[in-house]
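Below are notes for a colleague who has not seen this structure before. They are set out as numbered points.

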Amino acid sequence: MTLVVGLGNVGAEYELTRHNVGFMLVDLILKDLPHSKIMGVKFKGELFKAGENLFLKPSTLMNASGQSVLAVREFYKCDKLIVIHDDIDLNLGVLRFKMGGGNGGHNGLKSIDALCGANYARVRVGIGKKEPVSNFVLGKFSFVELEALKPILEQAKKGVLALLNEDDLNKIASIYNLKNPTSLNELEAQSKAIM
């Protein structure tokens with residue numbers, strides 16, 4: 001059984017923030033999959049079952065995401081873990097599928113690594129970086145950024161669905177990684193022309 005985890009923070013104030021890209025992608029994937037919600041406080045998050053796969057949105061807040069991941073993983077004996085998260089070291093428009101690695105200072109990954117180990121598949125969605133980082137990741141995407149994000153999330157969705165049926169992460173990465181960042185300047189110019 002595969003557990004797909006989308007990282008984010010629960011609450012209306014966090015909707016459409018850069019740190020909630022994982023939640024956004026899980027929601028997008030579930031939109032097209034027949035699924036059921038699994039109730040259970042012990043999971044410390046929203047858990048959904050679609051076929052043989054589980055999808056989790058931890059409700060522990062980002063810094064304690066590992067508690068929710070561990071609870072689900074141990075209860076369901078999941079043999080495969082995929083974690084979707086925002087990445088400030090990648091520009092908006094960049095998407096990377098990879099196995100393991102460091103946490104890059106991401107508190108959600110730190111929590112998962114501490115409780116579950118670091119050897120799991122990661123879907124890294126680039127959001128770019130501005131100082132101060134904490135304000136930036138908790139800030140909402142602009143309209144232009146959200147428009148740029150749509151095709152990236154669609155590509156990520158296809159990649160995650162393919163990864164559910166494929167064990168060769170390198171093959172998935174070669175097909176679904178996006179290397180060229182979206183030009184926000186072009187999108188901003190287009191949105192100004194429309195207004």
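1. Helices (H or I, at least four residues) and strands (E, at least two) are DSSP runs, numbered from the N terminus. The model is predicted, so to speak of a local feature pLDDT must be at least 70, and side-chain atom pairs count only at pLDDT 80 or more, while totals for chains, interfaces and linings use all residues. Residues are numbered from 1 along each chain as its sequence is written, and side-chain values use heavy atoms, with hydrogens and water left out.

2. Pro132 lies in the loop between strand 7 and helix 4. The peptide bond leading from Glu131 to Pro132 is cis, and its omega is near -10°. Most peptide bonds are trans, and most residues other than glycine have a negative phi.

3. Leu16 is not a glycine, yet has a positive phi of about 60°. Its place is the loop between strand 1 and helix 1. With a relative accessibility of 42%, Leu16 counts as partly exposed; buried means under 20% relative accessible area, exposed over 50%, and partly exposed in between (1.4 Å probe, protein chains only).

4. Lys44 also has a positive phi, near 50°, in a residue other than glycine. The loop that holds Lys44 runs between strand 2 (36-38) and strand 3 (45-50). Lys44 is partly exposed, at 36% relative accessibility. Apart from residues up to four places away in sequence, Lys44 touches Pro58, Ser59, Thr60, Gln67 and Ser68, where contact means heavy atoms within 4.5 Å. Lys44 and Tyr176 are 132 residues apart along the chain, and 31 Å separates their C-alpha atoms.

5. Which residues of helix 1 are buried? They are Val21, Gly22, Phe23, Met24, Leu25, Val26, Leu28, Ile29 and Leu30. Helix 1 is thus mostly covered, with nine of its eleven residues buried. These buried residues pack against strand 1 (2-6), strand 3, strand 4 (53-58), strand 5, strand 7 and helix 5.

6. Helix 6 (residues 169-176) has Leu169, Ile172, Ala173 and Tyr176 as its buried residues. Seen down the axis of helix 6, these fall within an arc of 100°, so they line one face of the helix; the arc is that of the directions from the helix axis to the C-beta atoms. Asn170 and Ser174, on the other side of helix 6, are exposed. The buried residues of helix 6 pack against strand 6 (95-99), strand 7 and helix 5.

7. Val72 belongs to helix 2 (residues 65-76) and is buried, at 0% relative accessibility. Not counting residues up to four places away in sequence, Val72 touches Leu3, Phe43, Leu47, Leu54, Leu56, Lys77 and Cys78. Val72 and Gly45 are 27 residues apart in sequence, with 9.2 Å between their C-alpha atoms.

8. Asn53 sits in strand 4. At 16% relative accessibility, Asn53 counts as buried. Leaving aside neighbours within four places in sequence, Asn53 is in contact with Thr2, Phe48 and Leu164.

9. How many disulfides are there? A disulfide is a pair of cysteine sulfur atoms within 2.5 Å, and by this rule the count is zero. The sulfur of Cys78 is 10 Å from the closest cysteine sulfur, that of Cys116, which is too far for a bond. Cys78 is buried, with a relative accessible area of 9%, and Cys116 is buried too, at 18%.

10. The largest pocket holds about 440 Å³ of space. Among the 25 residues that line this pocket, His19, Asp86, Gly105, His106 and Asn107 are the closest to its centre. On a 1 Å grid over the protein atoms alone, a pocket is an open set of points with protein on both sides within 12 Å along at least five of seven lines, a 1.4 Å probe is used, and lining residues have an atom within 4 Å of a point. Grid points are joined across faces, edges and corners, and a volume is the space filled by probe spheres set on the points. Strand 5 (80-87), helix 3 (107-116), strand 7 (121-126) and helix 4 (133-137) each give two or more residues to the lining of the largest pocket.

11. The second largest pocket has about 280 Å³ of space. Of its 16 lining residues, Leu16, Asn20, Phe23, Met24 and Asp27 are the closest to the centre. Helix 1 (21-31) and helix 5 (143-164) each supply at least two residues of this lining.
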